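These are my notebook entries on a structure that I had not examined before.

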Amino acid sequence: MIFASDNWSGAHPAISAALSTHGAGMAAAYGSSDLDKAVEQRFNEIFEREVAVFFVGTGTAANSLSFAAVNRPGGVVMCHREAHVVEDECGAPEFFTHGARMAPVDGAFGRIDPAQLRHELARFRPGFIHAGQPMAVTISQASEVGTLYSRDEISALAAIAHEQDLAFHMDGARFANALAATKLSPADMTWRAGIDILSFGATKNGCWCAEAVVFFDPEKARQFPYIRKRGAQLFSKTRFIAAQFMAYLDDGLWLTLAAHANLMADQLRDALAHSNRARQAWDTRSNEVFAILERPVAEALRAEGAVFYDWNMPHGSGQALNENEVLVRLVTSWSTEPADVERFAAALAATT
């Protein structure tokens, strides 16, 4: 009953097999092997257009170097108040951009509100050098609290960003889970909706260590090879990342794994709906579930072997916990077994 994080999951057997297969023999280094080129073409096919794709080792690197690619003097990135880039990346975006700032924007349950974005951007008056200048807007899909943007919501934010000549970036650490939940195509969720740069995450969804930065206009990526190298993310043996992506994307494996994780989360949501001592804190559609538990219930579940994290209530949620309650996050993954969810549901039922 490990629901702490999808980062706790291992590598899917197909990923491990690909690493073994492509790990033998010799191959050109620094992204120039035949395998690297084949995977780059695979990204073109998935997104239905020519893209520029760059492999990196972590999601934090993908986000931070994306911002570095569009940085301006005194640069500011507009992000949701609970975004990973502002809450959980230890200042890496600021570090790799040499001082850009993350400016929080409000919005209900992890999603930037368009009116709030306009309001915050209006604070940066043209020519007022003391405040710096916006350079990008970033959203997380799925969000940090398990919610999803619709295509129309993405397009609305893209229009605001592009009105002011700002790059529009998507943190896709759980991109596959969002696709599996919405049934949108990768193209429809990204560049057709106005996304300029995507941090394409795969590590949480069955890979060992595979992330990528995807530019939907290759001309905008001309300087990125130097940025990646300077950021210490140019792997010499990039075929080991390419091998993971090759297996991950083959026959839709990535979406199959994400759909399974989402299904396991649905079953957790169902268990909460049938409990009188626990409830879902808000609706989620990805592989993250947020629950309000009575403290004795949380302790009893942990005593039975369930692993999950306490969580802070999002700003502006309109909810308050009483002294006998705790908010927790439950995360499923590609490797979550139905039996684990069934055990959790049984343990939860036993506390009622």
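The entries below record what I looked up, topic by topic.

**Entry 1: Ground rules**

I note that this is a predicted model, in which local features need pLDDT of at least 70 and side-chain atom pairs count only at pLDDT 80 or more, while totals for chains, interfaces and linings use all residues. Residues are numbered from 1 along each chain as its sequence is written, and side-chain values use heavy atoms, with hydrogens and water left out.

**Entry 2: Pockets**

Rolling a probe the size of a water molecule over the atoms shows where empty space is left. For the search, a 1 Å grid is laid over the protein atoms alone; a cavity is a set of points where a 1.4 Å probe fits but cannot get out, a pocket is an open set with protein on both sides within 12 Å along at least five of seven lines, and lining residues have an atom within 4 Å of a point. Grid points are joined across faces, edges and corners, and a volume is the space filled by probe spheres set on the points.

I looked up the largest pocket and found a volume of about 380 Å³. Its lining has 23 residues, and Asn-7, Gly-59, His-84, Ala-173 and Lys-204 are the closest to its centre. Helix H3 (59-69) and strand E6 (197-201) are the elements that give two or more residues to this lining; helices (H or I, at least four residues) and strands (E, at least two) are DSSP runs, numbered from the N terminus. By class, I recorded four nonpolar, 11 polar and eight charged residues in the lining of the largest pocket. Here Ala, Val, Leu, Ile, Met, Phe, Trp, Tyr, Cys and Pro count as nonpolar, Asp, Glu, Lys and Arg as charged, and the others, Gly among them, as polar.

The second largest pocket has a volume of about 310 Å³. Of its 17 lining residues, those closest to the centre are Val-70, Ala-167, Asp-196, Ile-197 and Lys-220. I recorded 10 nonpolar, one polar and six charged residues in the lining of the second largest pocket.

**Entry 3: Cavities**

How many cavities of 30 Å³ or more does the structure hold? I found two. The largest cavity has a volume of about 60 Å³, and its lining includes Cys-79, His-80, Thr-138, Ile-139 and Tyr-149. Strand E2 (75-80) and strand E4 (133-140) each give two or more residues to this lining, and the largest share, three residues, comes from E4. The lining of the largest cavity divides into five nonpolar, four polar and two charged residues.

The second largest cavity holds about 40 Å³ of space. Among the residues that line the second largest cavity are Ser-140, Gln-141, Ala-142 and Asp-171.

I also noted a cis peptide bond that joins Gln-141 and Ala-142, with omega about 0 degrees. Ala-142 is found in the loop between E4 and helix H7 (151-163).

**Entry 4: Cores**

In soluble globular proteins, nonpolar side chains tend to be buried together. A nonpolar core is a set of buried Ala, Val, Leu, Ile, Met, Phe, Trp, Tyr and Cys residues joined through side-chain atoms within 4.5 Å; buried means under 20% relative accessible area, exposed over 50% and partly exposed in between (1.4 Å probe, protein chains only).

The largest nonpolar core has 59 residues, and Phe-43, Phe-200, Phe-245 and Tyr-248 have the most contacts inside it. Helix H11 (residues 239-249) gives the largest share of this core, seven residues. Another core, of 24 residues, lies apart from it and includes Ala-61, Val-70, Ile-197 and Val-213.

I then looked up Ala-212, which is placed in strand E7 (residues 211-215). Ala-212 counts as buried because its relative accessibility is 0%. Leaving out residues up to four places away in sequence, Ala-212 touches, among others, Phe-43, Phe-200 and Phe-245, where contact means heavy atoms within 4.5 Å.

**Entry 5: Exposed loop residues**

His-98 lies in the loop between helix H5 (92-96) and strand E3 (101-105). Its phi is near 60 degrees, a positive value in a residue other than glycine. With a relative accessible area of 63%, His-98 is exposed.

Asp-165 lies in the loop between H7 and strand E5 (167-172). Phi of Asp-165 is also near 60 degrees, and this residue is exposed, with a relative accessible area of 59%.
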